[in-house]
Amino acid sequence: MQWNAEGIVLSSRRHGETSVIIEVFTKEFGRCAGLVRGGTGRRLRPVLQPGNSVQADWKARLSEHLGVFTVEATTARVAAAMAHPKTLAALTSVCALLRFLPERNGYPRLYDTTCTLLDNLDDMDVWLPLMVRFELALLEETGFGLDLESCAANGSNLNLTHISPRSGRAVSAEAAEPYLDKLFPMPQFFRDARAAVSLEDVKNGLAITGHFLTVRLLHQLEENMPESRARLLHMLDDLTDF
């Protein structure tokens with residue numbers, strides 16, 4: 001068994017004296033783990049930091065085996081991100097969230113969304129809204145996507161302003177009126193990709209995606225939200241605009 005693809009390093013842990021086991025997220029093969037011989041060495045150690053992209057060649061005798069990676073650096077992101085705490089928290093959070101994906105299932109659209117996010121981490125105006133879109137895509141690809149096409153209460157597709165925390169469905173302004181304290185306000189960019197995005201929209205969006213990731217995906221996996229995501233939200237509390 002063998003394949004070759006570009007992938008994002010999600011995790012790296014030491015194995016023995018000189019090797020490491022890494023997980024990478026690729027477009028065609030999804031999340032895959034493998035052994036990198038010499039991964040603790042001076043040349044490979046900085047390459048294998050979570051968030052960097054590598055060209056990975058994976059080989060195994062049988063498909064169910066761990067396999068061995070040979071990797072080459074393609075895009076280094078970690079060094080630049082370390083100079084900016086918010087950026088580093090976002091990068092770390094993305095990698096941690098992707099580790100909740102099932103192994104060896106391809107998610108081409110999610111991979112493209114992830115790459116767009118990571119390749120724009122030098123521009124907060126761009127990556128903050130993309131962080132929300134990434135988490136929406138993660139929910140969609142894991143089978144827990146939100147239904148924002150029509151109102152859960154009356155079926156209307158007009159003036160949809162809120163989201164039910166129970167059903168994940170949109171709610172119209174009229175139907176939401178008696179329950180405003182129980183519903184999420186829906187940022188308009190959830191339905192209109194051309195809508196302007198404010199910092200409040202981003203915070204509301206992350207509150208929504210965080211809720212559904214927790215009660216749907218992570219609850220099922222018996223996992224907790226990554227600490228890096230909590231750090232990012234804490235840092236965003238200090239922002240007044242972006």
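## Overall form

Of the 242 residues of the protein, 48% count as buried, where buried means under 20% relative accessible area, exposed means over 50%, and partly exposed lies in between (1.4 Å probe, protein chains only). The model is a predicted one, in which local features need pLDDT of at least 70 and side-chain atom pairs count only at pLDDT 80 or more, while totals for chains, interfaces and linings use all residues. Residues are numbered from 1 along each chain as its sequence is written, and side-chain values use heavy atoms, with hydrogens and water left out.

The protein contains 7 helices and 9 strands; these are DSSP runs numbered from the N terminus, with helices being H or I of at least four residues and strands being E of at least two. Its radius of gyration is 20 Å, close to the 18 Å that the globule rule gives for 242 residues, so the protein is as compact as a globular protein of that length. This radius is taken over C-alpha atoms, and the rule is 2.2 Å times the number of residues to the power 0.38. Along the principal axes, the C-alpha atoms fill a box of roughly 60 × 40 × 30 Å.

The protein exposes about 12,600 Å², of which carbon and sulfur atoms supply 49%; accessible areas come from the Shrake-Rupley method with a 1.4 Å probe, and for residues only the protein chains shown count as cover.

## Domains

The protein is divided into domain 1 (2-75) and domain 2 (80-148 + 186-238), with bounds that come from an automatic or database domain assignment. The C-alpha centres of domain 1 and domain 2 lie 24 Å apart. The contact between them takes 24 residues from domain 1 and 19 residues from domain 2, contact meaning heavy atoms within 4.5 Å.

For residues 1-71, UniProt lists "domain: DNA replication/recombination mediator RecO N-terminal" in an unreviewed entry. UniProt positions are given in the numbering used here, feature names are shortened, and annotations may be inferred rather than shown by experiment. Over residues 1-71 the chain is 0% helix and 56% strand, and the end C-alpha atoms are 17 Å apart.

## Nonpolar cores

A nonpolar core is a set of buried Ala, Val, Leu, Ile, Met, Phe, Trp, Tyr and Cys residues joined through side-chain atoms within 4.5 Å. The largest has 59 residues, and those with the most contacts inside it are Phe25, Leu98, Leu110, Leu117, Leu146, Ile163 and Phe190. Helix α4 (residues 124-141) supplies the largest share of this core, 10 residues. Domain 1 (2-75) and domain 2 (80-148 + 186-238) both give residues to this core, so it lies between them. Apart from it lies another core, of 17 residues, with Ala5, Ile22, Leu44 and Val71 among them.

## Individual residues

Thr114 is placed in helix α3 (residues 108-118) and is buried, with a relative accessible area of 0%. Not counting residues up to four places away in sequence, Thr114 touches Ile8, Phe25, Val94, Leu98 and Phe134.

Most residues other than glycine have a negative phi. Arg104, in the loop between α2 (85-98) and α3, has a positive phi near 60° and counts as partly exposed at 35% relative accessibility. Asn159, in the loop between β6 (147-151) and β7 (160-163), has a positive phi of about 55° and is exposed, with a relative accessible area of 55%.
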